[in-house]
Amino acid sequence: MASFPQPGSVTICEINRDFITADSLSDDRAKESYAKVLGFVFSPIPFRSEQLLPDLEPGAVSDHEQNNEAVSRNGFAAVKEKLIDSFKCMFFPGKLNLTTEVDCQGVSWHPHKHILAFISGQNQITIRDYEDSAEGKDPCVLTSDYQKDITTLEWRPNSGKMLSVAAKGGICIWSASYPGNSASVRSGVSSSLGTVSRGSGVRWTLVDFLRSRNGEQISSLCWNPDGRYLASASYRSSSFTIWDVAQGQGTPIRRGLGAISMVKWSPSGDYFLTAKFDGTFYLWETNTWTSEPWSSAGGCVTGATWDPEGRMILLAFSDSVTLGSIHFSSRFPSLDAHLLPVELPEIASSTGSHGIEKIAWDSSGERLALSYRGGGDIYCGLIAVYDVKRTTLVSLSLVGFIRGPGEKPKPMAFAFHNKFKQGPLLSVCWSSGFCCTYPLIFRSHILP
């Protein structure tokens with residue numbers, strides 16, 4: 001039977017298909033349930049839009065209970081409206097008349113470290129390093145004149161601490177600097193410093209700004225697996241761009257494509273997905289950059305996630321509670337593939353939803369998280385977590401639901417840590433103003 005959090009409770013973690021809940025956010029409950037197994041407590045991170053930051057009292061950012069009280073006085077209604085605008089409204093040109101949300105990566109785990117970055121305001125990024133006790137208590141907030149109307153972000157693979165941020169007019173590239181080892185800033189870019197972390201000496205420097213053609217708003221970006229190339233797209237551009245970041249140069253691909261909502265590189269780097277707002281999507285092979293078009297009767301693609309080996313990709317659609325699973329029938333660079341349905345009967349029967357908003361697949365391939373539209377008073381705003389079995393086909397078994405903190409919380413963005421050795425680790429930015437992390441523990445050999 002699926003684990004269901006009662007209204008008024010908040011989810012802490014999963015232990016063997018059972019989701020542990022509490023009456024309120026509490027590090028004590030986390031210590032009781034998973035800290036002895038993992039060696040970490042992933043404390044919730046409160047955030048506000050930059051308009052509210054000056055009102056914070058000293059120390060409020062590092063004390064989520066004190067901040068929660070302040071939040072109840074000020075209200076996160078303004079924050080929710082501001083962030084939903086930045087996550088949603090910029091994506092949909094009026095002529096498309098779309099009412100659904102398209103998944104954008106508003107939260108990202110560092111590929112090899114316990115460092116979390118997420119969009120915490122229209123023009124700002126928050127970074128927390130859970131491995132550094134000093135930095136973990138006082139998150140960095142990154143702002144810059146270049147960094148306006150942020151839509152998505154992603155850590156660069158194989159490059160230390162480097163973060164890409166999609167914004168109006170281009171892509172901000174941030175890098176960590178240390179005493180005696182300052183990050184190199186590209187000529188022509190004015191360096192902009194983030195908050196200096198107490199004790200660690202780490203500071204974040206804006207080292208490059210990759211300007212989009214005609215100053216378009218960047219709506220999606222994705223690194224290739226080795227971190228050399230960065231793909232970006234804008235719904236106002238007729239092509240997507242592949243950036244050689246070391247050279248600072250971008251190459252447009254396929255003029256005439258237009259209105260791209262999403263780009264996703266496969267884990268192997270062999271394949272590439274682009275989705276459009278009109279419901280069509282393209283699979284590319286990256287050897288010659290040729291593609292095959294696809295379409296679906298389920299509406300536009302709202303979410304896409306590759307399996308860990310890049311052998312298949314799961315797609316979510318705006319007007320369907322059935323996922324699509326695309327399997328390649330031949331070896332690379334062949335684009336021969338077939339699309340199969342992956343049913344989610346509980347979403348339709350229990351929640352009454354008619355469409356999936358966002359999906360994320362753990363790098364072990366064992367857990368899938370998704371959010372959905374609607375759901376009524378009881379099921380609204382929850383994240384469904386599935387156990388995944390992969391043979392020839394993908395089969396899903398509902399484990400349970402995650403409920404966020406605050407009043408009527410809605411998951412605005414979520415992502416798994418790709419290299420957490422002790423099991424899936426899911427982080428969610430909630431509309432109520434908290435970024436929460438949920439360990440999903442189900443392997444018997446790591447449990448006491």
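This is a predicted model: local features need pLDDT of at least 70, side-chain atom pairs count only at pLDDT 80 or more; totals for chains, interfaces and linings use all residues.
When I say that two residues are in contact, I mean that they have heavy atoms within 4.5 Å.

If we set aside its neighbours within four places in sequence, tyrosine 438 is in contact with Thr11, Ile12, Ile402, Arg403, Gly404, Pro405, Pro424, Leu425, Leu426, Val428 and Trp430. With one residue of that list, tryptophan 430, tyrosine 438 also makes a polar contact from side chain to side chain, at 3.0 Å. Tyrosine 438 counts as buried because its relative accessibility is 2%, and the cut-off for that word is under 20%. Phenylalanine 416 is 22 residues away from tyrosine 438 along the chain, and the C-alpha atoms of the two are separated by 9.4 Å.

Let me step back to the chain as a whole. The secondary structure of the protein chain comes to 6 helices and 30 strands, and of its 448 residues, 60% are buried. Among the contacts in the chain with a separation of 6 or more, 53% are between residues 24 or more positions apart.

Next, please find arginine 367, in strand β25, residues 367-372. Which side chains does arginine 367 meet through polar contacts? One is that of glutamate 14, at 2.8 Å, and another is that of aspartate 387, at 2.7 Å. Arginine 367 is itself buried, with a relative accessible area of 1%.

I turn now to the cysteines, where the structure holds 0 disulfides.

Now for the largest pocket, which holds about 1,100 Å³ of space. It is lined by 42 residues, and those closest to its centre are Gln105, Glu154, Trp265, Pro267 and Asn418. Several strands give two or more residues to this lining, namely β4 (107-109), β8 (152-155), β12 (220-223), β16 (260-265), β20 (301-306), β24 (356-361) and β28 (411-416). Which element gives the largest share of the lining? That is β16, with 5 residues. Sorted by class, the lining has 23 nonpolar, 13 polar and 6 charged residues.

Finally, I would like to point out some details of the backbone. A cis peptide bond, with omega of about 10°, joins phenylalanine 332 and proline 333, and proline 333 is placed in the loop between β22 (323-328) and β23 (337-342). Aspartate 149, in the loop between β7 (140-142) and β8, has a phi near 55°, a positive value in a residue other than glycine. Lysine 408 likewise has a positive phi, near 50°, and lies in the loop between β27 (394-402) and β28. Are these two residues buried or exposed? Aspartate 149 is buried, because its relative accessible area is 18% and buried means under 20%, whereas lysine 408, at 69% relative accessibility, counts as exposed.

Terms used:
Residues are numbered from 1 along each chain as its sequence is written. Side-chain values use heavy atoms; hydrogens and water are left out. Helices (H or I, at least four residues) and strands (E, at least two) are DSSP runs, numbered from the N terminus. Buried means under 20% relative accessible area, exposed over 50%, partly exposed in between (1.4 Å probe, protein chains only). A polar contact is a pair of N or O atoms within 3.5 Å; within protein, one must be able to donate a hydrogen and the other to accept it, and residues adjacent in sequence count only if both atoms are side-chain atoms. On a 1 Å grid over the protein atoms alone, a cavity is a set of points where a 1.4 Å probe fits but cannot get out, and a pocket is an open set with protein on both sides within 12 Å along at least five of seven lines; lining residues have an atom within 4 Å of a point. Grid points are joined across faces, edges and corners, and a volume is the space filled by probe spheres set on the points. Ala, Val, Leu, Ile, Met, Phe, Trp, Tyr, Cys and Pro count as nonpolar, Asp, Glu, Lys and Arg as charged, and the others, Gly among them, as polar. A disulfide is a pair of cysteine sulfur atoms within 2.5 Å.
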